[in-house]
Structure formats: C-alpha cells, structure tokens
Amino acid sequence: MTMDRAAVRIGVLGAARIAPLALVRPARENPRAAVTAVAARDLARAEHFAQRHGIPEAYGDYRALLDDPDVDAVYIPLPNALHGRWALAALAAGKHVLCEKPFTANADEAQKVAAAAHGTGLVVMEAFHYRYHPLAARMKEIVSSGELGTLRHVAARFCFPLPRFADIRYDYALAGGALMDAGCYAVHMARLLGGAEPEVVDAVAKRRTPEVDRAMRATLRFPAGHTGEIRCSMWSADLLAVSARAVGDRGELRVVNPLAPQAWHRFIVRTAANRRSEHFPRHASYAYQLDAFVRAVRDGAAVLTPPSDSVANMAVIDSVYTAAGMALRHPGGVPAS
C-alpha cells in the first residue's frame, strides 16, 4: 500500500499491548496514516516493538519522541495515571493527541488538558473506538428518533474476568480500578443513550483493596427524568457481559457487544408494531476511529469524543467513586523522563 504524502505521522508513547490492535494494524490499511515512531522507558523494549511492527524509529525516552519534528501526532496507551501528563506534554510540543480511555485520572485533570488544547488548533481525541463504529451511531439515532417513545431507562454493562491481581489495572497509584478500565465505557454508553449528563444517585463497589474496585454498580438519573444503570467488573460473578439497553414507553433497544461489534453483535429493536434485528459492518471499530482522527487532523473534521466529552465522562466517574465512598483517582505513576 502506498502512503499518502499527506499521511499523519503518528508516534506511540509506550510499547503497550493494545497499540498493535488499536493503531498499528489499522494504520497499515489507512493510506493517510503511518506509525513512524515508538518510545518506551526501556530502549530495548522500544526497539523490539519497532522491529516487530515495522516502525522506523525507536526511542528510550518519551520526550525524545515528542521532540521529533517528523512526528505529527501521538497515541497515548500508557497507564491511566500518565494519560493527562503526557497529553499535556504532547500539546506543549505541538502534537495532535489520540489518548486511550480513560482520558485522565479524574475530571480536574481532564479539564486541565481541555484548557491546554483550547485554541491551539490541535486535535485531542479520546480513544472510545466503539463510538466511531456505525452501530453506535445507530443506537443514538434510534433513541433520539422517538421510535421507542419517551425514554424511561438506559443501562450499560462491561464485565470481563481479570484475576491477575498484580496487573496495573488494579494499581491505585496508576489510577486503576474496574470503573476506570471497564466502567468508563459503560458510563460513556449510558451518557450516549441517555442523551444528557446524569446525576449519580448511588453506587456500590466490590473492592479488591480499600482503594481499588474490582466491580462497580451505579444508579443514574437524567434531567428529563429517565433513569440509568451502569455495571462493570474485572472480577465478579458477572464474568462476561458487554451490553447496552434503552427502554421507552413504546419500545426497547437491546445490543449485545456494542464495544467491538466487528467480532460479533446482536442488535434488536422491539416495539408494539414489530421486532427486528439490524446488522452492521465487520470493519473494525479501531479502523473507524483512526479514520476519524486522520480526518480531524488533515481536514478539520469534528470528532465525536473531544476533550469536552472527556471532561463530562470523567465527572460522572468521579461522582460514582464518591457515591461508593471511595477515593478519586489521582495522577501519578513513574516520574516524567
């Protein structure tokens, strides 16, 4: 495949396991994007990653990558506690930012990144890849169309088993927790279907440690009066559940696997008049996400997950932790190099 001369040259901050799936592979199929550099705190690891994935440059220092004039944008798949710090550093270096979810450690930090991005002309986009798949657009369209009648309730669940308790996703110092890792998706989907910013009514956590949740359930209330529920876990009786639901007074939408519908999905609409299933492309959500990022950088297109949306999502996450009687997450992790 020939690379477009105007391709967005992207550097990866951190040789993370998610990077090949989320960015490297989609970039191979997108003539307007190229992964041109990777940085890790260990140069040998960066070099191994670069060699394995055909990336031209490897750095043993994140700032060295940010100083590379041949990098237009950075992808940040670092631990949660480092997202905000390196998004700010990338903006200061004049780079566009594609940042993995959750956007930052908490809403205050998200607001700082949003403020830094404002007026720069740089694209900052949170990597909620599911939001860029046509299935997510269709969920929103059906709820907004009135086909289900007056909205009564929305629900979103993302549960998966992660019994490796030494994993960084259980590390409070790195802004870990089930709500941060899995729950940020559930919160985002509930907000998407609910159509407004909710109030957190109550929340109950199952804890791995006093500060880190392994599962979370929260009840929401939206300004128009409809309710919501989010459930998430990395270790609980709900071993595997990825779903979204919207209930109105004239019908119901149920979706199984709205997160990565390219693998498999079920999309069912029930009303008094009929019951139907809808089907969507097998094209990867990550590919749609990268295309949206490239169009934003090169063509000035708007993105669906800008910093303002990220601030709102983190605000709900903070409120859930507060309602559950738990401490908010805070920026931390290894010192900046």
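A residue counts as buried when its relative accessible area is under 20%. Ala-175, at 0%, therefore falls in that class. This is a predicted model. Ala-175 sits in the loop between strand E7 (151–159) and H7. Its phi is near 60°, a positive value in a residue other than glycine.

Asn-257 also has a positive phi, about 60°, and is not a glycine. Asn-257 belongs to the loop between strand E12 (251–256) and strand E13 (266–271). Its relative accessible area is 14%, so Asn-257 is buried.

Pro-102 lies in the loop between strand E5 (96–99) and helix H5 (107–117).

## Aromatic pairs

The structure contains nine aromatic pairs. One of them joins Phe-128 and Tyr-185. The centres are 5.3 Å apart and the planes stand at 75°, an edge-to-face arrangement. Phe-128 is in the loop between strand E6 (124–126) and helix H6 (134–145), while Tyr-185 is in helix H7 (residues 178–194). The pair therefore ties together parts that are 57 residues apart in sequence. Phe-128 is buried, with a relative accessible area of 0%. Tyr-185 is buried too, at 6%.

Tyr-185 also pairs with Tyr-130. Here the centres are 6.3 Å apart and the planes meet at 65°, so this pair is edge-to-face. Tyr-130 lies in the loop between E6 and H6, and Tyr-185 in helix H7, so the contact links parts 55 residues apart in sequence. Tyr-130 and Tyr-185 are both buried. Ring pairs extend this into a cluster of Phe-128, Tyr-130, Phe-158, Phe-160 and Tyr-185.

## Charges over rings

Two arginines deserve a look. Arg-208 lies over the face of Phe-165, at 3.7 Å from the ring centre. Arg-329 places its charged end over the ring of Tyr-321, 4.1 Å from the centre.

## Nonpolar surface

Trp-235, Leu-239 and Leu-240 make a nonpolar surface patch of about 320 Å². Leu-240 lies in the loop between strand E10 (227–233) and strand E11 (241–248). The cut-off for exposed is over 50% relative accessible area. Leu-240 reaches 67% and so counts as exposed.

How values were computed: Residues are numbered from 1 along each chain as its sequence is written. This is a predicted model: local features need pLDDT of at least 70, side-chain atom pairs count only at pLDDT 80 or more; totals for chains, interfaces and linings use all residues. Side-chain values use heavy atoms; hydrogens and water are left out. Rings of Phe, Tyr and Trp (its six-membered ring) pair if their centres lie within 6.5 Å; planes under 30 degrees apart count as stacked, over 60 as edge-to-face and the rest as tilted. Helices (H or I, at least four residues) and strands (E, at least two) are DSSP runs, numbered from the N terminus. Buried means under 20% relative accessible area, exposed over 50%, partly exposed in between (1.4 Å probe, protein chains only). A charge sits over a ring if NZ of Lys or CZ of Arg is within 6 Å of the ring centre and within 35 degrees of the ring normal. Patches are made of residues with over 30% relative accessible area and no salt bridge: like charges are joined within 9 Å, nonpolar side chains (Val, Leu, Ile, Met, Phe, Trp, Tyr) within 5 Å. Accessible areas come from the Shrake-Rupley method with a 1.4 Å probe; for residues, only the protein chains shown count as cover. A salt bridge is a side-chain nitrogen of Lys or Arg within 4 Å of a carboxyl oxygen of Asp or Glu.
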